[in-house]
Amino acid sequence: MPSNINFNLDTGTQRHILGHAISGAIAVGVVSSVNNAKKVKEEKLQKKEAIRNTIKDSIIGGVATATAISVTNNIGNPNKSLFQALGSLAIGLGAIYTIEKSAAIQNEKLLIKENKEENE
């Protein structure tokens with residue numbers, strides 16, 4: 001069985017991962033800031049939470065875009081294997097999971113801190 005399984009599609013010119021990551025972070029940041037600003041205006045969210053959510057969403061948008069570009073670059077490169085594309089996907093998924101989990105833990109800590117301050 002060959003150790004280097006190739007699965008290639010013509011995806012066009014290789015793309016710059018970092019440049020697209022920044023574009024993705026900005027695009028998602030714009031959308032997230034509008035949605036979070038609306039929630040603040042409707043008093044469904046505090047300003048600090050809205051800012052944290054927007055930053056988290058922006059980072060995730062950048063990572064997701066970078067992941068998509070990396071996978072596409074791997075699939076489109078005849079010198080790369082399907083396993084390299086899957087590796088890029090796994091790294092991106094792991095990064096997004098870690099960001100989400102870290103944000104949830106941070107939010108939980110902040111809620112505990114706020115509840116302590118309210119009870120004092």
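## A pair of charged neighbours

E42 and K44 form a salt bridge, with their closest N and O atoms 3.2 Å apart. Keep in mind that this is a predicted model. Of the two partners, E42 is partly exposed, at 38% relative accessible area, while K44 counts as exposed at 63%.

A search of the whole structure finds three salt bridges, so let us turn to the others.

The side chain of K56 meets that of E100 in a salt bridge, at 3.3 Å from N to O. E100 belongs to helix α3 (residues 82-119) and K56 to helix α2 (residues 47-76), so this pair ties together parts that lie 44 residues apart in sequence. K56 also meets D57 in a salt bridge, here at 3.6 Å from N to O. Through shared partners, K56, D57 and E100 are joined into one network.

How accessible are the members? K56 is buried, because its relative accessible area of 18% is under the 20% cut-off. D57 counts as partly exposed at 25%, and E100 is likewise partly exposed at 37%.

Our last stop is T11, which is found in the segment before α1 (17-41). Its relative accessibility is 18%, so T11 counts as buried.

Which residues does T11 touch, leaving aside those up to four places away in sequence? They are T72, I75 and G76. With T72 there is a polar detail as well: a polar atom of the T11 side chain lies 3.4 Å from the backbone oxygen of T72.

Note on methods. Residues are numbered from 1 along each chain as its sequence is written. This is a predicted model: local features need pLDDT of at least 70, side-chain atom pairs count only at pLDDT 80 or more; totals for chains, interfaces and linings use all residues. Side-chain values use heavy atoms; hydrogens and water are left out. Helices (H or I, at least four residues) and strands (E, at least two) are DSSP runs, numbered from the N terminus. Buried means under 20% relative accessible area, exposed over 50%, partly exposed in between (1.4 Å probe, protein chains only). A polar contact is a pair of N or O atoms within 3.5 Å; within protein, one must be able to donate a hydrogen and the other to accept it, and residues adjacent in sequence count only if both atoms are side-chain atoms. Contact means heavy atoms within 4.5 Å. A salt bridge is a side-chain nitrogen of Lys or Arg within 4 Å of a carboxyl oxygen of Asp or Glu.
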